[in-house]
Amino acid sequence: MKVVAFVSSPRKGGNTDRLVDEILAGAAEVGHEVEKIYLSDYALTPIDSVYGDELEWTDSHQGVADELIDKMVAADGVILGSPVYWFSISGLMKLFIDRWALYQRGEQRLMDLTPGKKMVVVLAMADSESEYVEAVLAPLRYAARWLKMQWAGEIVATDVTEPGDVARCPDVLAQARALGQSL
Ligand SMILES: Cc1cc2nc3c(=O)[nH]c(=O)nc-3n(C[C@H](O)[C@H](O)[C@H](O)COP(=O)(O)O)c2cc1C
């Protein structure tokens, strides 16, 4: 099984990154092939295509997304790791997800290539109150359902602000490793 993680925090080594590493370490322990991708290494821009009557979509930056989509399609498990920004996923993660729409037309639609793949979501957030976490997760649950992917779980670290803070959350890190092992 191949597991690919997309990390949208611009802070390499930050809380999201650390949690994703833990899941990937668990997955590697049970023999899965793992890969981590920092979305900040890619020139993702807002999608510039629109729904129209014509079937052709255009997007001047599609090439960048092609590479990421290829990795997603080749994987059996997909991890989306995002810091919580303004009660939501980060803008960079949203840019990536928006681009999935480009692959919903044509001969090979993304939704025909993703059924059965596992999706895991990782969130890192400064708030200790997590009352709105379900609202952050909801669009991702719908996206997984749209793509007929299997929701394999979420890891949410609350009360983490500075890059190293998640090290103070051994329970969440253990949960992340166990989730990776279960993939
Ligand atoms: C632009 C911005 C908006 C943020 N908004 C929230 C928020 O709404 N709720 C929250 O709990 N933390 C918020 N935070 C804090 C981050 O979620 C927190 O620092 C997290 O640990 C960052 O993860 P990282 O280390 O992976 O970058 C925000 C941080 C930034 C930079």
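Trainee: How do you know that the length of α1 is close to the one expected at 1.5 Å a residue?
Mentor: Compare two spans. The expected span of a helix is 1.5 Å times one less than its number of residues. α1 has 15 residues, and 21 Å is expected. From its first C-alpha to its last, α1 reaches 21 Å. Helices here are DSSP runs of H or I with at least four residues, strands are runs of E with at least two, and both are numbered from the N terminus. This is a predicted model: local features need pLDDT of at least 70, side-chain atom pairs count only at pLDDT 80 or more, and totals for chains, interfaces and linings use all residues. Residues are numbered from 1 along each chain as its sequence is written.

Trainee: What about α6: what should its 13 residues span?
Mentor: At 1.5 Å a residue, α6 (residues 170-182) should span 18 Å. Its end C-alpha atoms are 18 Å apart, so the two values agree.

Trainee: What makes α1 mostly covered?
Mentor: Count its buried residues. Buried means 20 or more other C-beta atoms within 10 Å of the residue's own, exposed means 12 or fewer, and partly exposed lies in between, with C-beta atoms placed from the backbone. In α1, 12 of the 15 residues are buried. Among them are Leu19, Val20, Ile23 and Leu24.

Trainee: What do the buried residues of α1 pack against?
Mentor: They pack against β1, β2, β3, β4, β5 and α6. Just after α1, Gly31 takes a positive phi of about 95°.

Trainee: Which elements do the buried residues of α6 pack against?
Mentor: α1, β4 and β5. The buried residues of α6 include Val172, Leu173 and Leu179.

Trainee: Why is Leu80 called buried?
Mentor: Leu80 has 25 other C-beta atoms within 10 Å, so it counts as buried. Leu80 lies in strand β3 (residues 77-83). Leu80 touches Phe6, Met93, Met119, Val121 and Leu140, not counting residues up to four places away in sequence. Contact means C-beta atoms, placed from the backbone, within 7 Å.

Trainee: Buried or exposed: how does Phe87 count, and why?
Mentor: Phe87 has 11 C-beta neighbours inside 10 Å, so it counts as exposed. Phe87 sits in the loop between β3 and α3. Its phi is near 65°, a positive value in a residue other than glycine.

Trainee: Why does Lys148 count as partly exposed?
Mentor: Lys148 has 13 C-beta neighbours inside 10 Å, so it falls in the class in between. Lys148 is found in the loop between α5 and β5. Its phi is near 60°, also positive.

Trainee: What makes a crossover right-handed?
Mentor: Point the strands away from you: the path from the first strand over the helix to the second runs clockwise. β1, α1 and β2 also make a right-handed unit.

Trainee: How many bridges join β1 to β2?
Mentor: Six, and the strands run parallel. Ala5 has Lys36 as its bridge partner in β2. Five bridges join β1 to β3, again parallel. Val7 has Tyr38 as its partner in β2 and Gly81 as its partner in β3.

Trainee: Why is β1 largely enclosed?
Mentor: Five of its six residues are buried, so the rest of the structure largely encloses β1.

Trainee: How many residues surround the ligand?
Mentor: There are 18, and the closest are Gly14, Thr16, Pro83, Met125 and Asp127. A residue counts if its C-beta atom, placed from the backbone, lies within 6 Å of the molecule. Helix α1 gives the largest share of the shell, three residues.

Methods. Two residues are in contact if their C-beta atoms, placed from the backbone, lie within 7 Å. Two strands pair if DSSP finds at least two bridges between them.
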